[in-house]
Amino acid sequence: MIELKTREIDQLVRAAVEARDQAYAPHSHFYVGAALWIPGEAVVSGCNVENASYSLSICAERVATATAVSQGHRAFQAIAIASVGGVSPCGACRQFLSEFASDMQVIMTDVLTGARQIRRLSQLLPDAFDASNLPVT
């Protein structure tokens, strides 16, 4: 997979930070934004949306992915995630993202310091469950 250029990473991170500003997190106060890089330089973003029952909350990564899919996109090159601390995607988000691009770049950005970590999704989820695990019908 082709690596994003520095200017593309910067653009993607800005989109994730802007998405974070829209997060709905009245319970945890942990605001997260995510932005997906679609080949051809399209960017689709999302933010976390909490619910008082917590289990019905949805992470920014899955909001961005579902939004992109609803717009007809199926191939993703990278995702930027913006949060305090520059957190990694949760396990559910890792699995969700792997459905579309198991080797995408994952750019984790700390909104307080600007520090970034870049990993491959395949490093974060080395043994993803995929279609090959399903029985042939």
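## Close-up views of a predicted model

**View A. Cysteines without disulfides.** The structure holds zero disulfides. This is a predicted model. Cys47 is in no disulfide, and the nearest cysteine sulfur, that of Cys59, is 11 Å away. Cys93 is likewise in no disulfide. For Cys93 the nearest cysteine sulfur belongs to Cys90, 3.7 Å away. Cys47 counts as buried because its relative accessibility is 13%, under the 20% cut-off. Cys93 is also buried, with a relative accessible area of 0%.

View B. Strand 1 (33-38) and strand 2 (42-47) run antiparallel and are joined by six bridges. Trp37 has Val43 in strand 2 as its bridge partner. Three residues lie between the two strands of this hairpin. In the turn, Gly40 has a positive phi of about 100 degrees.

View C. Helix 2 covers residues 60-70. Which residues of helix 2 are buried? They are Ala60, Glu61, Arg62, Val63, Ala64, Thr65 and Ala68. Glu61 and Arg62, which count as charged, are thus part of the buried set. What do the buried residues of helix 2 pack against? Their partners are strand 1, strand 2, strand 3 (78-83) and helix 3 (91-98). Just after helix 2 comes Gly72, with a positive phi of about 95 degrees.

**View D. The largest pocket.** The largest pocket holds about 220 Å³ of space. Its lining is made up of 15 residues. Closest to the pocket centre are Phe30, Val32, Asn48, Ile58 and Cys59. How does the lining divide by residue type? Nine of the lining residues are nonpolar, four are polar and two are charged.

View E. Strand 4 spans residues 105-110 and strand 5 spans residues 116-120. The two strands run antiparallel, with five bridges between them. Thr109 has Arg116 in strand 5 as its bridge partner. Five residues separate the strands of this hairpin. Within the hairpin, Gly114 takes a positive phi near 80 degrees.

Technical notes:
Residues are numbered from 1 along each chain as its sequence is written. This is a predicted model: local features need pLDDT of at least 70, side-chain atom pairs count only at pLDDT 80 or more; totals for chains, interfaces and linings use all residues. Side-chain values use heavy atoms; hydrogens and water are left out. On a 1 Å grid over the protein atoms alone, a cavity is a set of points where a 1.4 Å probe fits but cannot get out, and a pocket is an open set with protein on both sides within 12 Å along at least five of seven lines; lining residues have an atom within 4 Å of a point. Grid points are joined across faces, edges and corners, and a volume is the space filled by probe spheres set on the points. Buried means under 20% relative accessible area, exposed over 50%, partly exposed in between (1.4 Å probe, protein chains only). Helices (H or I, at least four residues) and strands (E, at least two) are DSSP runs, numbered from the N terminus. Contact means heavy atoms within 4.5 Å. Two strands pair if DSSP finds at least two bridges between them. A disulfide is a pair of cysteine sulfur atoms within 2.5 Å.
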